[in-house]
Amino acid sequence: MSIVIEQAVEARLVAAAPRMASIPATLRYDVRDPFAVCMAFPAPATLEGVEVCWTFARELLAGGVSESVGSGDVRVRPYGYDRTVLEFHAVEGTAIVHVRTGELRQFLDDTTRLVPAGDEGLHVDVDGDLAELLRDAY
C-alpha cells in the first residue's frame, strides 16, 4: 500500500538557469521509501524542460531547518528567521532555492505523523525489494 504526502511550496530561485523569480515546487514523501523526500520542480524551471525531482534524505531536510547540513549534491541550511536554503548541485550547474521554513516544518510534521523519525526501518519491505531485484536478474 502506498501512502504519499505531497505539499506545494513556493521556492524562490536565487541562482539557477533559466532565471525565474519564484516557482511552485512540490515536496513528496512516500511511505514505500521512508528515509527519503523528493522536491520536484516543474518543467519551465529546469534546463531539460521536464519536471525534475531531487530525492534526498528526510533527515537532511529536518536537520537543515535549524543548522547547515549536507556536503554532497544536496545541502540545506537556515537563512534568517523564516527561510531555509536548499542547494542542488549537478554537473550542469547549481540551483539555490529559498523556501519558507514554516512550509518545510509543516511537511516534516506530516511525514513524522505518518512515519516517526527512527521508525523508518519498520516500513521497509526488504524481502519484497530483494525479490524485485532478483526477479529482474533472471
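Biologist: Two strands pair if DSSP finds at least two bridges between them. Through how many residues does a hairpin join E6 to E7?

Modeller: The hairpin joins E6 to E7 through 2 residues. Strand E7 covers residues 93-100, runs antiparallel to E6 and is joined to E6 by 8 bridges. Within this pairing, Val 85 stands opposite His 98 in E7. Strands (E, at least two residues) and helices (H or I, at least four) are DSSP runs, numbered from the N terminus.

Biologist: Before we continue, what sort of model is this?

Modeller: This is a predicted model, in which local features need pLDDT of at least 70 and side-chain atom pairs count only at pLDDT 80 or more, while totals for chains, interfaces and linings use all residues. Residues are numbered from 1 along each chain as its sequence is written, and side-chain values use heavy atoms, with hydrogens and water left out.

Biologist: And the overall fold: how many helices and strands does the chain have?

Modeller: There are 3 helices and 7 strands in the chain. Their pattern along the sequence is β-β-β-β-α-β-β-β-α-α.

Biologist: Back to E6. Which strand is joined to E6 by 6 bridges?

Modeller: That is strand E5, residues 74-79, which runs antiparallel to E6. E5 and E6 form a hairpin with 3 residues between them, and Gly 80 in the turn has a positive phi of about 70 degrees. Opposite Thr 84 in E6 stands Pro 78.

Biologist: Is E6 mostly covered or mostly uncovered?

Modeller: E6 is mostly covered, with 6 of its 8 residues buried. Buried means under 20% relative accessible area, exposed means over 50%, and partly exposed lies in between (1.4 Å probe, protein chains only). Phe 88, for instance, counts as buried at 2% relative accessibility.

Biologist: What does Phe 88 pair with?

Modeller: Phe 88 forms a tilted aromatic pair with Trp 54, 5.1 Å centre to centre and with 45 degrees between the planes. Because Trp 54 lies in strand E4 (residues 52-57) and Phe 88 in strand E6 (residues 83-90), the pair ties together parts that are 34 residues apart in sequence. Rings of Phe, Tyr and Trp (its six-membered ring) pair if their centres lie within 6.5 Å; planes under 30 degrees apart count as stacked, over 60 as edge-to-face and the rest as tilted.

Biologist: How many aromatic pairs are there in the whole structure?

Modeller: The search finds 3 aromatic pairs. One aromatic cluster is made up of Phe 41, Trp 54, Phe 56 and Phe 88.

Biologist: A change of topic: where is Val 65 found?

Modeller: Val 65 sits in the loop between helix H1 (58-64) and E5. With a relative accessible area of 10%, Val 65 is buried. Leaving aside residues up to four places away in sequence, Val 65 touches Pro 78, Thr 84, Thr 101, Leu 104, Arg 105 and Leu 108, where contact means heavy atoms within 4.5 Å.

Biologist: One last residue. Is Asp 30 buried or exposed?

Modeller: Asp 30, in strand E2 (residues 22-30), counts as buried at 17% relative accessibility. The Asp 30 side chain makes a polar contact with the side chain of Arg 32 (2.6 Å). A polar contact is a pair of N or O atoms within 3.5 Å; within protein, one must be able to donate a hydrogen and the other to accept it, and residues adjacent in sequence count only if both atoms are side-chain atoms.
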